[in-house]
Amino acid sequence: MQQALMTAVLLLQVVSALAMIGLVLVQHGKGADMGASFGSGASGSLFGATGSANFLSRSTAVAAAVFFSSTLGLAYFGNHRASAAEQSSVLEQAASAAAASAASAAAVPASGAALIPNK
């Protein structure tokens with residue numbers, strides 16, 4: 001259940017990030033009006049000269065709010081796992097793996113000569 005919810009939040013985060021990227025790329029910069037004043041014709045956009053500013057900026061703000069809330073949700077799910085076995089940190093797992101490899105290395109002879117088969 002928790003894994004499915006975490007996957008849904010991750011999908012929501014990716015969709016909101018792509019929406020923000022698209023919305024930011026569609027918006028005109030502050031310097032775009034300078035070219036329109038010299039006759040480049042950039043002011044005739046799909047939404048009109050200033051009609052797109054409110055719609056696109058509000059849509060970007062909504063996408064950013066969804067992105068940040070999904071980021072907080074993923075951080076919450078990442079820190080509160082279901083089982084106690086998963087609650088150990090990466091450093092603790094690395095230390096236990098190093099201890100296990102050191103114990104297995106102690107059973108191996110010091111030189112490789114003992115591993116050469118005799119005829």
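Where is Leu18 found? Leu18 sits in helix H1, which covers residues 2-26. This is a predicted model, where local features need pLDDT of at least 70, side-chain atom pairs count only at pLDDT 80 or more, and totals for chains, interfaces and linings use all residues. Residues are numbered from 1 along each chain as its sequence is written, and side-chain values use heavy atoms, with hydrogens and water left out.

**The overall picture**
- The protein has four helices and zero strands, where helices (H or I, at least four residues) and strands (E, at least two) are DSSP runs numbered from the N terminus.
- Going from the N terminus, the elements run α-α-α-α.
- Of the 119 residues in the protein, 12% are buried; buried means under 20% relative accessible area, exposed over 50%, and partly exposed in between (1.4 Å probe, protein chains only).
- Take the contacts (heavy atoms within 4.5 Å) with a separation of 6 or more: 81% come from residues 24 or more positions apart.

- Leu18 counts as exposed because its relative accessibility is 55%.
- Gln13 is also in helix H1, but Gln13 is buried, since its relative accessible area is 14%.
- Leaving out residues up to four places away in sequence, Gln13 touches Phe67, Ser70, Thr71 and Leu74.

**The surface**
- The accessible surface comes to about 9100 Å², and carbon and sulfur atoms hold 69% of that; areas come from the Shrake-Rupley method with a 1.4 Å probe, and for residues only the protein chains shown count as cover.
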